[in-house]
Amino acid sequence: MLTKRNQSKLAKGLIVGVILIAIWAVMGAFWPVGSDYYYTFRPAAEAFLKGETRLYSDPGFGFYGAPWALLVIFPTLLMPLSYGQAVLTMLVLVGLVFSVMAVPEEKERLSPLVLVVTFANLHTFDAIVRGNLDGLPLIGLGLSWLGVRLRRPLWLGFGLWFIACKPINLVLVVLYMLWHIRHWRLSEKLQVVIPLAVTVLVTSCLIGWDWPLRYVTYSQHRPPQVGLQTSLWRTF
């Protein structure tokens, strides 16, 4: 039998779920289709399922995410174009809110100015218009930091899994987290590694063990467009 506290959490969860579904439906109906989802992610996922590409080869469709990021794209292929993109847009919004809420300590409160700067900026608008994968590393950032703070190795491991879908902007953050766990037990460190290690192993069996080399070669021959990026990728 659920306690009052659990009933309250369940009710809040249901309310949040209904709100998210409503926002997704509205965005699918009225939000414009973005270039990244239309020209890159959806075509790459469709071509992969048809056996037309192993990824990071011609045609590569400009896909620079990790192979397992396609697991998020595949379900969107069952939806109309705009509703499929709305899934990625919702992941961006959820990831942004989750990461901002997860980073401060429990008793800390972010100032309104910090929240305004975090949410109301050109990069946020760009992310929700394009229909890209930026929501995944944001979810990973929040989950990873909670794992470090609460000493939950698997949380950190799955957080790194999400970050690795598009890792370049969070390299320094990951190194900072790994420094924090340097004194953890070996068994805990192994739990951190397991999600990503298993995924890389399975991915390599499916699309070839040379996919990291193909990724590097592809990125050199067809570097991503920098546009408005202010990232480590552009620095490198």
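## Ser204 in helix H10

Ser204 is part of helix H10. The model is predicted. Ser204 has a relative accessible area of 5%. The cut-off for a buried residue is under 20%, so Ser204 counts as buried.

Two polar contacts involve the Ser204 side chain. A polar atom of this side chain lies 2.8 Å from the backbone oxygen of Val200. The side chains of Ser204 and Trp211 are joined by a polar contact of 3.2 Å. Not counting residues up to four places away in sequence, Ser204 touches Trp209 and Trp211.

## Helix H8 and its packing

Helix H10 (186–207) also takes part in the packing of helix H8. Helix H8 covers residues 153–163. Its buried residues are Pro153, Leu156, Gly157, Gly159, Leu160, Trp161 and Ile163.

These buried residues pack against helix H10, and also against helix H3 (70–73), helix H7 (135–150) and helix H9 (171–180).

## Nonpolar cores

The largest nonpolar core has 25 residues. Those with the most contacts inside it are Phe41, Tyr56, Phe63, Trp68, Ile73, Leu88 and Leu133. Helix H2 (35–49), H3 and helix H11 (211–221) each supply at least two residues of this core. H2 gives the most, with 4 residues.

Leaving aside neighbours within four places in sequence, Phe41 is in contact with Asp36, Phe63, Ile73, Leu88, Gly131, Asn132 and Leu133. A second, separate core has 12 residues. Among them are Trp145, Ile163, Leu170 and Trp184. Ile163 is also one of the buried residues of H8.

How values were computed. Residues numbered from 1 in each chain as written. Predicted model: local features only at pLDDT ≥ 70, side-chain atom pairs only at ≥ 80, totals over all residues. Heavy atoms only, no water. Buried < 20%, exposed > 50% of the residue type's maximum accessible area, 1.4 Å probe, protein only. Contact = heavy atoms within 4.5 Å. Core = buried A, V, L, I, M, F, W, Y, C linked by side-chain atoms within 4.5 Å. Polar contact = N/O pair within 3.5 Å; in protein donor to acceptor, adjacent residues only side chain to side chain.
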